[in-house]
Amino acid sequence: MRKNVERRAALVDAAIEVLARDGARGLTFRAVDAEAGVPVGTASNYFAKRDDLFTQAGGRIYERLQPDAATLGGMLEGPRDLARVTALLTETVDRISAFRTGYLALLELRLEATRRPGLRAVLTERVREDVEANVARHLESGMPGDATTVRLLYLTLNWLIVENLTLPEVFTEEDVRRLVADAVERSLPRQDPR
């Protein structure tokens with residue numbers, strides 16, 4: 001297998017685009033080569049089998065969906081109240097929605113994981129790590145709410161993102177923002193105004 005890290009990353013990014021556009025059945029070495037604009041046979045030099053493409057695409061999506069250092073550091077700035085939680089979750093929904101092909105590819109990978117135990121193991125580990133990292137960051141930040149609140153908001157906002165990316169005419173952008181605020185307000189305990 002070839003070792004050029006930049007070429008491999010470009011091929012994995014191309015695989016994400018193919019997954020989002022053509023689904024799991026459309027993810028072939030030839031389709032990845034075409035998407036990446038490389039000679040036919042290039043992807044097969046970097047990945048032993050399609051399963052490698054699936055698992056590496058799943059890992060890469062999570063890398064690209066992670067907030068940057070400034071966003072993570074920003075969690076600790078300002079008050080720790082409902083408005084701040086709403087702002088952070090609105091940023092999260094916006095960031096994930098901006099990587100539309102990545103999220104759609106992730107949905108394809110989740111469906112494919114029902115048929116591929118290796119992919120299911122990789123995605124299960126990544127999702128569990130992501131959820132637990134979100135819980136830990138939230139608790140360490142001193143924001144209102146407990147671990148269960150974070151998990152419930154995670155589940156709620158994930159489906160809102162799915163709805164927004166797959167059927168964007170169901171909710172307007174204003175609706176999405178209002179729904180994020182409503183989810184936070186209804187999930188978190190009321191704070192003493194003192």
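This is a predicted model: local features need pLDDT of at least 70, side-chain atom pairs count only at pLDDT 80 or more; totals for chains, interfaces and linings use all residues.
Residues are numbered from 1 along each chain as its sequence is written, and side-chain values use heavy atoms, leaving out hydrogens and water.

Zoom out for a moment. The C-alpha atoms fill a box of roughly 65 × 35 × 30 Å along the principal axes. Of the 194 residues, 41% count as buried (under 20% relative accessible area with a 1.4 Å probe, protein chains only).

Next, select α1 (residues 5–22) and α7 (residues 100–113). They pack at an angle of about 70°, with axes 8 Å apart; the axes are lines fitted to C-alpha atoms over the stretch in contact, and angles run from 0 to 180 degrees between N-to-C directions. The two helices are therefore roughly perpendicular (65 to 115 degrees). Show side chains: I16, E17, L19 and A20 in α1 meet T101, G102, L104, A105, E108 and L109 in α7, contact meaning heavy atoms within 4.5 Å.

Now go to α2 (residues 29–36). Here A31, V32 and D33 are buried, and the buried residues of α2 pack against α1, α3 (42–46) and α4 (50–65). Just after α2, click G37, which takes a positive phi of about 70°.

Notes:
Helices (H or I, at least four residues) and strands (E, at least two) are DSSP runs, numbered from the N terminus. Angles under 35 degrees count as roughly parallel, over 145 as roughly antiparallel, 65 to 115 as roughly perpendicular and the rest as oblique. Buried means under 20% relative accessible area, exposed over 50%, partly exposed in between (1.4 Å probe, protein chains only).
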